[in-house]
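Please keep the structure in view while going through the points.

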Amino acid sequence: MKTLDVITIGRSSVDLYGAQVGGRLEDMGSFQKYIGGSPTNMAAGTARLGLRSALITRVGDEHMGRFIREELAREGVDVRGVKTDPERLTALVLLGIRDETQFPLIFYRENCADMALCEDDIDEGFIAASRAVVATGTHLSHPQTEAAVLKALHLARRHGAQTALDIDYRPNLWGLAGHGAGESRFIESAAVTARLQATLPLFDLIVGTEEEFHIAGGSTDTIAALRAVRAVSTATLVCKRGPMGAVAFTGAIPDRLDEGQSGPGFPIEVFNVLGAGDGFMSGLLKGWLDGEPWPVALTYANACGAFAVSRHGCTPAYPSWEELRFFLARGVVTPALRKDAALEQIHWATNRHDDWSSLRVFAFDHRAQLEAMEGATPEKIGAFKELCLTAALQVAGGKPGHGILCDSRLGRRALYRAAGTGLWIGRPVEWPGSRPLTVEPEIGADFGGLSEWPLGHVVKALCFCHPDDDAQMRAAQEDTVLRLFQAARRNRLEFLLEIIPSKVGPVDDDTSARLIERFYDLGVFPDWWKLEPFASDAAWDRACAAIRRRDPHLRGIVVLGLDASEGALAASLALAARHDLVKGFAIGRTIFGDAARGWLAGTLSDAEAVAEMAGRYTRLCRIWDEARAGAGGKA
């Protein structure tokens with residue numbers, strides 16, 4: 001039994017992409033951080049398409065190496081083959097988008113971790129578990145890494161796996177060009193040609209651009225080069241031709257490239273070619289390993305390449321399987337795919353990380369309520385919020401499905417301490433009690449403060465709104481919510497929208513559903529909704545139906561508490577748990593209210609306050625879990 005579909009071998013780096021487009025790399029003011037390196041990109045790209053993918057490489061024993069390992073795991077890639085090198089640093093690449101044809105990049109790979117890959121890193125059992133092994137050209141450039149790749153290829157063939165090569169020719173990684181020539185894609189070299197041709201017989205599939213086949217075949221005439229490769233290999237040869245798509249040759253090489261098998265190309269705007277080949281290879285591997293005809297596999301490949309060309313970054317640009325199917329069924333609406341709102345929503349929603357199918361949130365993001373308590377000072381409130389975090393971590397006990405809501409104005413120390421604990425973390429942006437909605441000063445009038453947030457934090461906005469608000473109030477609030485949503489997406493942050501209509505007007509079974517529809521009409525697609533507990537099943541039915549009609553990929557709904565008693569909350573959570581879209585709760589004062597009053601007044605010790613809150617949080621978690629287990633579950 002094969003437990004993996006594909007293992008890729010070779011480069012693994014951190015890509016630092018210039019955030020400014022249209023300028024020189026010298027002039028970049030900030031960078032976006034992604035995983036990079038062709039095999040790493042392909043491992044993530046194929047995982048997004050539903051393949052069981054793994055990577056063999058080395059990373060450094062430092063922050064960037066841990067980032068690669070963690071990010072791959074979040075993408076669903078098996079990281080057992082990712083070795084930690086105790087001596088070398090993880091490779092880095094700096095990249096930029098200068099214009100439609102220039103994409104400068106600098107490889108920081110001097111004695112880097114992945115080039116220390118050796119034969120001992122290749123485990124026979126791991127290779128035997130995969131249906132395919134994919135190598136890339138760079139790791140054939142050095143005797144030690146070449147030996148590791150050759151061992152993996154021979155083991156793959158011994159255990160009945162297919163093998164593939166992405167030629168991935170970078171002249172300066174073969175020592176043929178200087179550090180400033182990272183953008184160079186072709187320099188003739190008889191030595192490189194000989195090195196490649198020695199390994200070509202080991203592959204069932206060989207993929208490259210025309211220039212890459214020129215180096216593999218030893219000729220700048222593409223047909224002659226392909227025939228030279230065919231002379232030493234029976235592999236299917238796939239030649240990438242940029243905007244003209246790609247062609248596959250399973251037998252003799254004809255006189256014209258157009259005589260090969262092909263799939264349709266896609267008329268899209270070229271924004272960023274970096275990583276396009278890895279996206280192409282991901283789609284091709286999906287079709288190949290699924291046994292699709294070459295025209296279908298090439299269609300997948302061309303589409304995945306089109307996504308990569310149209311977006312910022314390499315791996316972040318690659319589609320999910322659902323996104324790819326949507327695109328192929330609907331076609332190109334705008335050549336600039338990153339400006340296609342429907343496509344981008346699917347891309348965002350189907351490539352989110354982590355499983356939050358159950359979420360029990362201890363909400364202590366309250367500010368005004370705590371400030372009004374006897375004995376409260378900003379310093380004491382901050383210290384109390386650290387006790388709240390201690391209680392949350394105690395209850396979570398390292399188990400999934402727990403989270404916190406905490407502000408950074410009064411709860412900064414608790415918020416920082418929560419990083420890396422495994423908790424879901426949400427942060428409020430609204431000024432407490434504001435109507436129309438305004439934001440905390442630290443967020444800024446342009447919402448630029450969100451650029452300082454860690455990527456794992458969720459932007460939470462509480463809006464006291466009602467369908468019957470007057471036009472001026474509605475316009476002011478909707479403008480703020482829309483701009484917050486857009487700013488969250490721009491900064492790669494999830495967005496939670498909390499609406500509480502009951503505080504500003506009468507409510508019935510349709511009130512929240514009407515508000516939900518209105519925000520979707522505006523183009524606001526929250527990752528999460530936070531809704532007040534409804535009194536009837538009909539209200540839940542209508543709210544959930546409104547969401548499902550507009551966003552089938554919602555993370556979920558969490559129910560707020562409104563300082564209700566545990567008994568009242570038990571009844572409301574039992575009702576909410578009947579609906580599958582509701583993933584849990586986000587409750588605060590019911591948990592911390594009494595402890596806060598006692599601790600701020602000096603009548604409770606730290607340990608007593610933590611014990612009080614942990615007990616209440618535990619009981620609410622149990623109430624929710626029992627309600628969910630006993631619910632029938634409604635769509």
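Predicted model: local features only at pLDDT ≥ 70, side-chain atom pairs only at ≥ 80, totals over all residues.

1. Residues are numbered from 1 along each chain as its sequence is written, and side-chain values use heavy atoms, with hydrogens and water left out.

2. The protein chain has 20 helices and 21 strands, these being DSSP runs numbered from the N terminus (helices H or I, at least four residues; strands E, at least two). Its C-alpha atoms fill a box of roughly 85 × 50 × 50 Å along the principal axes. Of the 635 residues, 58% count as buried, where buried means under 20% relative accessible area, exposed over 50% and partly exposed in between, with a 1.4 Å probe and protein chains only.

3. Among contacts with a separation of 6 or more, 74% join residues 24 or more positions apart, a contact being heavy atoms within 4.5 Å.

4. The largest nonpolar core has 85 residues, and those with the most contacts inside it are Phe362, Phe384, Phe495, Trp529, Trp540, Ile557 and Met613; such a core is a set of buried Ala, Val, Leu, Ile, Met, Phe, Trp, Tyr and Cys residues joined through side-chain atoms within 4.5 Å. Helix α20 (residues 606-630) supplies the largest share of this core, 10 residues. Apart from this core lies another, of 42 residues, among them Ile9, Leu117, Phe203 and Phe249.

5. Which residues does Ile557 touch, not counting residues up to four places away in sequence? Its partners include Trp528, Trp529, Leu531, Trp540 and Cys544, and also Leu581, Val582, Lys583 and Gly584.

6. Helix α4 (residues 143-158) has 16 residues, which at 1.5 Å a residue should span 22 Å, and its end C-alpha atoms are 22 Å apart, in agreement; the expected span is 1.5 Å times one less than the number of residues. Its buried residues, including Val149, Ala152, Leu153 and Ala156, pack against β1 (6-9), α3 (124-128), β8 (132-136), β9 (162-166) and α5 (190-199). Just after α4, Gly160 takes a positive phi of about 75°.

7. Thr193 is found in helix α5, and it counts as buried because its relative accessibility is 11%. Leaving aside residues up to four places away in sequence, Thr193 touches Ile215, Ala216, Gly217 and Gly218.
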